[in-house]
Amino acid sequence: MRNVRPIIALDFASKEQTLEFLSNFDESLFVKIGMELFYQEGPELVREVNKRGHDVFLDLKLHDIPNTVESAMRGIAKLEVAMVNVHAAGGLKMMKAAKRGLEGSKTQLIAVTQLTSTSEEQMQKEQLINATLEDSVVHYARLADEAGLDGVVCSVHEAEAIGDACGEEFLRVTPGIRPAQVSVDDQRRVATPAQARAQGSTHIVVGRAITKAADPKDSYRQIAAEWRGE
Ligand SMILES: O=C(O)c1cc(=O)[nH]c(=O)n1[C@@H]1O[C@H](COP(=O)(O)O)[C@@H](O)[C@H]1O
(Lines give C-alpha, C1' and ligand atoms only; values in the text may rest on other atoms or scores of the structure.)
Protein backbone atom coordinates (compact mmCIF):
# COMPACT_ATOMS: atom_id res chain seq x y z
CA MET A 1 0.00 0.00 0.00
CA ARG A 2 1.37 3.39 -1.01
CA ASN A 3 2.35 5.61 1.90
CA VAL A 4 1.48 9.23 1.20
CA ARG A 5 4.24 10.67 3.39
CA PRO A 6 7.71 10.81 1.83
CA ILE A 7 10.23 9.33 4.28
CA ILE A 8 12.73 12.04 5.21
CA ALA A 9 16.29 10.73 5.67
CA LEU A 10 17.58 12.44 8.81
CA ASP A 11 21.22 12.21 7.79
CA PHE A 12 22.53 14.62 10.42
CA ALA A 13 25.60 14.40 12.63
CA SER A 14 23.95 15.19 15.97
CA LYS A 15 20.78 15.19 18.05
CA GLU A 16 20.81 19.00 18.13
CA GLN A 17 20.80 19.35 14.33
CA THR A 18 18.10 16.70 14.07
CA LEU A 19 15.75 18.27 16.59
CA GLU A 20 16.31 21.71 15.08
CA PHE A 21 15.35 20.34 11.66
CA LEU A 22 12.23 18.62 13.08
CA SER A 23 11.13 21.84 14.78
CA ASN A 24 10.35 23.24 11.28
CA PHE A 25 7.37 20.88 11.07
CA ASP A 26 4.03 20.80 12.94
CA GLU A 27 2.76 17.53 11.53
CA SER A 28 3.71 13.91 12.21
CA LEU A 29 6.46 12.85 9.80
CA PHE A 30 7.82 9.52 8.58
CA VAL A 31 11.57 9.83 9.11
CA LYS A 32 14.58 7.62 8.57
CA ILE A 33 17.36 7.34 11.12
CA GLY A 34 20.42 5.79 9.53
CA MET A 35 23.98 4.96 10.45
CA GLU A 36 25.36 8.49 10.60
CA LEU A 37 22.94 9.59 13.30
CA PHE A 38 22.48 6.26 15.08
CA TYR A 39 26.20 5.73 15.62
CA GLN A 40 26.40 9.15 17.27
CA GLU A 41 23.21 9.29 19.28
CA GLY A 42 22.04 5.68 19.64
CA PRO A 43 18.63 4.32 20.67
CA GLU A 44 17.90 7.29 22.93
CA LEU A 45 17.35 9.58 19.94
CA VAL A 46 15.10 6.98 18.29
CA ARG A 47 12.91 7.01 21.44
CA GLU A 48 12.94 10.83 21.48
CA VAL A 49 11.84 11.13 17.82
CA ASN A 50 9.14 8.50 18.41
CA LYS A 51 7.95 10.36 21.50
CA ARG A 52 7.50 13.49 19.38
CA GLY A 53 4.92 11.61 17.32
CA HIS A 54 7.00 10.75 14.25
CA ASP A 55 7.22 7.29 12.67
CA VAL A 56 10.76 5.95 12.38
CA PHE A 57 12.39 3.78 9.72
CA LEU A 58 15.56 2.57 11.44
CA ASP A 59 17.97 2.10 8.53
CA LEU A 60 20.83 0.03 9.95
CA LYS A 61 21.14 -2.39 7.01
CA LEU A 62 22.06 -5.42 9.10
CA HIS A 63 24.27 -7.98 7.33
CA ASP A 64 25.89 -10.63 9.53
CA ILE A 65 25.52 -14.30 10.47
CA PRO A 66 21.91 -15.31 11.19
CA ASN A 67 22.34 -15.71 14.96
CA THR A 68 23.85 -12.24 15.38
CA VAL A 69 21.16 -10.60 13.25
CA GLU A 70 18.38 -12.38 15.15
CA SER A 71 19.75 -11.19 18.51
CA ALA A 72 20.21 -7.64 17.23
CA MET A 73 16.63 -7.61 15.97
CA ARG A 74 15.36 -8.70 19.39
CA GLY A 75 16.87 -5.49 20.76
CA ILE A 76 15.56 -3.37 17.88
CA ALA A 77 12.03 -4.77 18.42
CA LYS A 78 11.96 -3.03 21.81
CA LEU A 79 12.35 0.38 20.11
CA GLU A 80 8.92 -0.03 18.46
CA VAL A 81 10.02 1.57 15.18
CA ALA A 82 7.79 1.40 12.11
CA MET A 83 10.39 -0.20 9.85
CA VAL A 84 13.90 -1.69 9.88
CA ASN A 85 16.11 -3.22 7.18
CA VAL A 86 18.76 -5.84 6.42
CA HIS A 87 20.86 -6.54 3.32
CA ALA A 88 19.29 -9.25 1.15
CA ALA A 89 22.85 -10.33 0.28
CA GLY A 90 23.03 -11.77 3.81
CA GLY A 91 20.89 -14.62 2.47
CA LEU A 92 17.61 -16.41 3.05
CA LYS A 93 18.57 -17.85 6.45
CA MET A 94 19.73 -14.46 7.70
CA MET A 95 16.50 -12.78 6.57
CA LYS A 96 14.40 -15.49 8.26
CA ALA A 97 16.45 -15.03 11.43
CA ALA A 98 15.88 -11.26 11.30
CA LYS A 99 12.15 -11.87 11.07
CA ARG A 100 12.24 -14.25 14.04
CA GLY A 101 14.05 -11.61 16.06
CA LEU A 102 11.19 -9.18 15.44
CA GLU A 103 8.44 -11.65 16.45
CA GLY A 104 5.80 -10.03 18.62
CA SER A 105 6.53 -6.51 17.32
CA LYS A 106 4.69 -4.49 14.67
CA THR A 107 7.94 -3.38 13.00
CA GLN A 108 8.00 -3.97 9.25
CA LEU A 109 11.11 -5.67 7.89
CA ILE A 110 12.52 -4.89 4.45
CA ALA A 111 15.70 -5.88 2.61
CA VAL A 112 18.11 -3.73 0.63
CA THR A 113 18.58 -5.28 -2.84
CA GLN A 114 21.24 -3.40 -4.84
CA LEU A 115 22.06 0.03 -3.41
CA THR A 116 20.81 2.94 -5.52
CA SER A 117 24.43 4.17 -5.68
CA THR A 118 25.40 1.01 -7.60
CA SER A 119 25.42 0.94 -11.42
CA GLU A 120 24.99 -2.22 -13.48
CA GLU A 121 28.62 -2.06 -14.65
CA GLN A 122 29.89 -1.71 -11.09
CA MET A 123 27.71 -4.61 -9.90
CA GLN A 124 28.98 -6.91 -12.65
CA LYS A 125 32.66 -5.98 -12.20
CA GLU A 126 32.90 -5.65 -8.43
CA GLN A 127 30.35 -8.16 -7.19
CA LEU A 128 30.99 -10.55 -10.11
CA ILE A 129 27.24 -10.94 -10.65
CA ASN A 130 26.64 -12.13 -14.20
CA ALA A 131 23.13 -10.69 -14.65
CA THR A 132 21.40 -7.42 -15.41
CA LEU A 133 20.92 -5.11 -12.48
CA GLU A 134 17.15 -5.53 -12.70
CA ASP A 135 17.43 -9.33 -12.61
CA SER A 136 19.69 -9.15 -9.57
CA VAL A 137 17.29 -6.80 -7.77
CA VAL A 138 14.21 -8.90 -8.62
CA HIS A 139 16.07 -12.06 -7.53
CA TYR A 140 16.83 -10.49 -4.14
CA ALA A 141 13.20 -9.32 -3.87
CA ARG A 142 11.92 -12.86 -4.47
CA LEU A 143 14.32 -14.14 -1.80
CA ALA A 144 13.08 -11.51 0.66
CA ASP A 145 9.49 -12.50 -0.16
CA GLU A 146 10.31 -16.17 0.41
CA ALA A 147 11.81 -15.28 3.79
CA GLY A 148 8.51 -13.62 4.74
CA LEU A 149 9.72 -10.01 4.69
CA ASP A 150 7.36 -7.10 4.04
CA GLY A 151 9.27 -5.69 1.09
CA VAL A 152 12.52 -4.32 -0.24
CA VAL A 153 14.56 -1.18 -0.78
CA CYS A 154 15.20 -0.71 -4.50
CA SER A 155 15.35 2.07 -7.06
CA VAL A 156 12.24 3.36 -8.81
CA HIS A 157 13.42 1.65 -12.01
CA GLU A 158 12.92 -1.86 -10.59
CA ALA A 159 9.71 -1.17 -8.63
CA GLU A 160 7.30 -2.31 -11.32
CA ALA A 161 9.13 -5.57 -12.04
CA ILE A 162 9.17 -6.34 -8.30
CA GLY A 163 5.44 -5.67 -8.08
CA ASP A 164 4.91 -8.20 -10.89
CA ALA A 165 7.17 -10.77 -9.21
CA CYS A 166 6.13 -10.39 -5.57
CA GLY A 167 2.66 -8.82 -5.69
CA GLU A 168 1.33 -5.32 -5.22
CA GLU A 169 1.23 -5.63 -1.41
CA PHE A 170 5.01 -6.17 -1.29
CA LEU A 171 6.66 -2.89 -0.21
CA ARG A 172 8.95 -1.10 -2.65
CA VAL A 173 10.77 1.59 -0.68
CA THR A 174 12.70 3.75 -3.12
CA PRO A 175 15.56 6.16 -2.30
CA GLY A 176 17.51 8.00 -5.02
CA ILE A 177 14.67 10.51 -5.37
CA ARG A 178 15.63 13.78 -7.00
CA PRO A 179 13.21 16.53 -7.97
CA ALA A 180 13.88 17.41 -11.64
CA GLN A 181 15.85 20.57 -10.79
CA VAL A 182 18.22 18.95 -8.26
CA SER A 183 21.55 17.63 -9.56
CA VAL A 184 22.64 14.02 -9.06
CA ASP A 185 25.54 13.22 -6.71
CA ASP A 186 26.68 9.80 -5.45
CA GLN A 187 23.36 8.21 -6.41
CA ARG A 188 23.27 6.32 -9.74
CA ARG A 189 19.69 5.03 -10.16
CA VAL A 190 17.61 8.16 -9.57
CA ALA A 191 14.06 9.28 -10.37
CA THR A 192 11.61 12.07 -9.59
CA PRO A 193 8.70 11.69 -7.13
CA ALA A 194 6.26 11.63 -10.09
CA GLN A 195 8.22 8.79 -11.75
CA ALA A 196 8.18 6.89 -8.43
CA ARG A 197 4.41 7.23 -8.32
CA ALA A 198 4.03 6.08 -11.93
CA GLN A 199 6.37 3.07 -11.51
CA GLY A 200 4.69 1.64 -8.42
CA SER A 201 6.94 2.65 -5.51
CA THR A 202 5.05 2.26 -2.24
CA HIS A 203 7.36 4.62 -0.30
CA ILE A 204 9.90 7.25 -1.34
CA VAL A 205 12.96 8.17 0.73
CA VAL A 206 14.32 11.70 0.36
CA GLY A 207 17.34 13.10 2.14
CA ARG A 208 19.45 15.95 0.83
CA ALA A 209 16.80 17.38 -1.52
CA ILE A 210 14.92 18.30 1.69
CA THR A 211 17.52 18.53 4.44
CA LYS A 212 19.94 20.68 2.42
CA ALA A 213 17.27 22.84 0.77
CA ALA A 214 17.22 26.56 1.51
CA ASP A 215 13.65 26.05 2.76
CA PRO A 216 13.29 22.40 3.90
CA LYS A 217 9.61 22.72 4.77
CA ASP A 218 8.77 24.10 1.34
CA SER A 219 10.85 21.45 -0.38
CA TYR A 220 9.08 18.72 1.64
CA ARG A 221 5.65 20.12 0.69
CA GLN A 222 6.54 20.24 -3.02
CA ILE A 223 7.97 16.73 -3.06
CA ALA A 224 5.01 15.35 -1.08
CA ALA A 225 2.53 17.01 -3.47
CA GLU A 226 4.31 15.60 -6.54
CA TRP A 227 4.42 12.15 -4.90
CA ARG A 228 0.67 12.30 -4.13
CA GLY A 229 0.01 13.34 -7.73
CA GLU A 230 -1.36 16.79 -6.87
O1 LIG B 1 18.37 1.80 2.80
C2 LIG B 1 18.35 2.98 2.42
O3 LIG B 1 17.66 3.80 3.01
C4 LIG B 1 19.09 3.32 1.19
C5 LIG B 1 19.27 2.29 0.29
C6 LIG B 1 19.75 2.57 -0.99
O7 LIG B 1 19.87 1.69 -1.85
N8 LIG B 1 20.08 3.85 -1.31
C9 LIG B 1 19.95 4.89 -0.41
O10 LIG B 1 20.23 6.06 -0.78
N11 LIG B 1 19.50 4.63 0.86
C12 LIG B 1 19.43 5.73 1.86
O13 LIG B 1 18.50 6.73 1.42
C14 LIG B 1 18.99 8.04 1.72
C15 LIG B 1 19.09 8.83 0.44
O16 LIG B 1 19.53 10.14 0.71
P17 LIG B 1 19.64 11.26 -0.42
O18 LIG B 1 20.47 10.70 -1.53
O19 LIG B 1 20.28 12.42 0.29
O20 LIG B 1 18.20 11.55 -0.85
C21 LIG B 1 20.31 7.88 2.45
O22 LIG B 1 20.05 7.98 3.84
C23 LIG B 1 20.76 6.47 2.11
O24 LIG B 1 21.45 5.86 3.17
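This is a predicted model: local features need pLDDT of at least 70, side-chain atom pairs count only at pLDDT 80 or more; totals for chains, interfaces and linings use all residues.
The chain contains ten helices and eight strands. Its radius of gyration is 17 Å, close to the 17 Å that the globule rule gives for 230 residues, so the chain is as compact as a globular protein of that length. Along the principal axes, the C-alpha atoms occupy a box of roughly 45 × 40 × 30 Å. An unreviewed UniProt entry assigns residues 5-223 to the feature "domain: Orotidine 5'-phosphate decarboxylase".

Helix α3 covers residues 66-77 and helix α4 covers residues 92-101. The axes of α3 and α4 come within 7 Å and cross at roughly 25 degrees. Because angles under 35 degrees count as roughly parallel, α3 is described as roughly parallel to α4. The crossing of this pair is right-handed. On the α3 side, the contact is formed by Pro66, Asn67, Val69, Glu70, Ser71, Ala72, Met73, Arg74 and Ala77. These residues meet Lys93, Met94, Ala97, Ala98, Arg100 and Gly101 in α4. By class, the contact of α3 with α4 consists of eight nonpolar, three polar and four charged residues.

The second pair is formed by helix α6, residues 133-146, and helix α7, residues 156-166. Their axes come within 10 Å, with a crossing angle of roughly 40 degrees. This angle makes α6 oblique to α7. The crossing of α6 and α7 is right-handed. Residues Glu134, Val137, Val138, Ala141, Arg142 and Asp145 represent α6 in the contact. Their partners in α7 are Glu158, Ala161, Ile162, Ala165 and Cys166. The contact of α6 with α7 comprises seven nonpolar and four charged residues, with no polar residues.

Taken side by side, the α3 and α4 axes cross at roughly 25 degrees, whereas those of α6 and α7 cross at roughly 40 degrees. Three polar residues are present in the contact of α3 with α4, while the contact of α6 with α7 has none.

Methods. Residues are numbered from 1 along each chain as its sequence is written. Axes are lines fitted to C-alpha atoms, for helices over the stretch in contact, and angles run from 0 to 180 degrees between N-to-C directions. Helices (H or I, at least four residues) and strands (E, at least two) are DSSP runs, numbered from the N terminus. Angles under 35 degrees count as roughly parallel, over 145 as roughly antiparallel, 65 to 115 as roughly perpendicular and the rest as oblique. A crossing is left-handed if the near helix is turned anticlockwise from the far one by less than a right angle, and right-handed if clockwise. Two residues are in contact if their C-beta atoms, placed from the backbone, lie within 7 Å. Ala, Val, Leu, Ile, Met, Phe, Trp, Tyr, Cys and Pro count as nonpolar, Asp, Glu, Lys and Arg as charged, and the others, Gly among them, as polar. UniProt positions are given in the numbering used here, feature names are shortened, and annotations may be inferred rather than shown by experiment. The radius of gyration is taken over C-alpha atoms; the globule rule is 2.2 Å times the number of residues to the power 0.38.
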